[in-house]
Amino acid sequence: MKKNDFVTLTIEDIGVGGEGIGKAEGMTFFVKDAVVGDVIEARITKLKKNYGYARLMKIIKPSEKRKEAKCPVARQCGGCQIQEMDYKEQLKFKGRKVRNNLERIGGFESTLLDAVMEPICGMEEPFHYRNKAQYPIGTDRDGNPVAGFYAGRTHQIIPNTVCALGKEINTEVLNIVLGFMKEFHVTAYDEGTGTGLFRHVLIRSGFKTGEIMVCLIVNGTQIPHVETLTERLTKLPGMTSITMNINCENTNVIMGKEIRLLWGQEYITDYIGEIKYQISPLSFYQVNPVQTEVLYGLACEYAGLTGQETVWDLYCGIGTISLFLAQKAKQVYGVEIIPQAIEDARKNAEINGITNAEFYVGKAEEVLPDYYRKYEESNPGSRAHADVIVVDPPRKGCDETLLETMVNMEPDRIVYVSCDSATLARDLKYLCENGYELKKVRPADMFPMTVHVETVVLLSHKKPDGHINVKVEFGEGEGKVPLDNIAKRAEAYKPKERVTYKMIKEYIEAKYGFKVHTAYIAEVKRSLGLPMYDAPNAVEELKHPRKHPTVEKVEAIKDALKHFEVI
Ligand SMILES: C[S@@+](CC[C@H](N)C(=O)[O-])C[C@H]1O[C@@H](n2cnc3c(N)ncnc32)[C@H](O)[C@@H]1O
């Protein structure tokens, strides 16, 4: 078997990235766009020792779980990964993914998960749910302006103005912008040369208000004939805000810092539940408004508020969960690293007349421990306490310093909202080893047609009924040995499994979904002052002399080293 050979596969499983998994001649193959139950012909694109990757060439017998993609470019576009999988199957896949991670990484027993896991909250209408779209603008071979999406893992634009996940109005906006560009010979930005004007079009829609925002991201400070463009756009129903964003940097970051108002107002308004939000082009705002209400509703239900509670909302963004909870709590404190988001949170509290929410800018893993320490210093003998702590961290999960402080604060309940069930499982393991009990787990599908899944978890504090200290000692007289010392000594003498680079790599790939180079592991080990006698061969390090691992990779490597008890 070699590269470019054709294989016939029956797809038996799904990988974490949504790819179909099938076997041929004892080898496991991962095939993008293949669905469980399909019998397919695939061409081998990459071969490793025991597994390989193959491209779907022909569906010999389609699975019953296969659905025709709604979008004509579903396979090329990087936005959706599983549009050809029946939606019910998508939900099963996501529920299983969360459960597997809790079992495998979190170490939770299957019987416990049977008891605490609630069915995934799916969508009734899993298309056209996104209230925000950012279309890159480019030029096709004939010199015409095009808008679309980047093909998976590239910056090649796949022209498509009809996205199955976006709002229908997006197509009308893009047709106006592209028509205008063609008519007035306005150029599209070219990443290679850094020339051309239009880079991206950002469109946002208020789900409850129907308000529309268009922001034109340009490589310059002027748009020729801009009045004609705005006049055409204002004819669209709901148009509320037209702005331009200046981004003249040679960067992959979509938005620049400066916003100029072209027409209407700088923001649109929308509601989550009863709470009103002002959303500007640069604001973070959840993209699936229907499921956001479901998610926050779950968080609120799990928080079990009666009006008497003090609640911390860590990683609060623009305070969406904080304000939702503030309606039912005595006091809410939100913490977020981005100052602009905290400004939005304060403004949103004000426009909703909410006075029991306070917001702090900073890293959750610094703000909460600081608060805890200062409280103890000024209230000797008593501890800072919270009734409920809610966390909604980014994909990398919570920092251990933060988890430690949370445990010290002994909240009655912790509500963990997560967008990555692998790091969620790791953090739950820590919390459950330190006094908490898993009570409820509910996945929610915020991003149908993609492999992503959110999860809301309720943990409650295990309250001991009382303590009895029992000290057991062996032997007689002077040389008595306490029982726990015997256990410690036995542990110290237990031969440790040798931790190889391969084990670290496999752990990271399974948990974080990305690969790390051996040289990166060596670099992190060296920076931690760890012995390098089992270091990889020097050749590998020399191949990449100037590259350094990203922060995300360093954290993943440290986590793996902790997992294997190297540090
Ligand atoms: C998944 S979002 C949650 C946002 C918010 N809860 C919501 O639902 O809109 C994670 C947030 O954490 C913030 N963040 C990232 N690292 C952080 C840190 N170390 N401390 C505090 N906030 C952080 C990000 O800026 C982002 O707003």
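Biologist: Q286 touches T292 and T320, leaving out residues up to four places away in sequence. What makes each pair a contact?

Modeller: Two residues are in contact if their C-beta atoms, placed from the backbone, lie within 7 Å, and Q286 passes that test with T292 and T320. Please keep in mind that this is a predicted model, where local features need pLDDT of at least 70, side-chain atom pairs count only at pLDDT 80 or more, and totals for chains, interfaces and linings use all residues. Residue numbers run from 1 along each chain as its sequence is written.

Biologist: Thanks! How do you know whether Q286 is buried or exposed?

Modeller: By counting C-beta atoms, placed from the backbone, within 10 Å of its own: 20 or more means buried, 12 or fewer exposed, and in between partly exposed. Q286 has 21 others in that range, so Q286 is buried. Its place is in the loop between β14 and α5 (289–303), with helices (H or I, at least four residues) and strands (E, at least two) taken as DSSP runs numbered from the N terminus.

Biologist: And why is D392 called buried?

Modeller: D392 has 23 C-beta neighbours inside 10 Å and therefore counts as buried. D392 sits in the loop between β18 (388–391) and α9 (400–409). Beyond four places in sequence, its contacts are Y315, I321 and V417.

Biologist: What makes Q286 and D392 "binding site" positions?

Modeller: That label comes from UniProt, in an unreviewed entry, which places the feature at Q286, Y315, E336 and D392. Such annotations may be inferred rather than shown by experiment.

Biologist: How do you know which residues surround the ligand?

Modeller: A residue is near a molecule if its C-beta atom, placed from the backbone, lies within 6 Å of it. Here 19 residues surround the ligand, and the closest are Y315, G317, I337, A364 and D392. At least two residues of this shell come from each of α6 (320–326), β16 (331–336) and α8 (364–378).

Biologist: What makes a shell residue nonpolar, polar or charged?

Modeller: Ala, Val, Leu, Ile, Met, Phe, Trp, Tyr, Cys and Pro count as nonpolar, Asp, Glu, Lys and Arg as charged, and the others, Gly among them, as polar. The shell divides into twelve nonpolar, three polar and four charged residues.

Biologist: Last one: why is V214 placed in a nonpolar core?

Modeller: Such a core is a set of buried Ala, Val, Leu, Ile, Met, Phe, Trp, Tyr and Cys residues joined through C-beta atoms within 7 Å. The largest has 146 residues, and V214 is among those with the most contacts inside it. Beyond four places in sequence, V214 is in contact with V173, V201, I203, L233 and I242.
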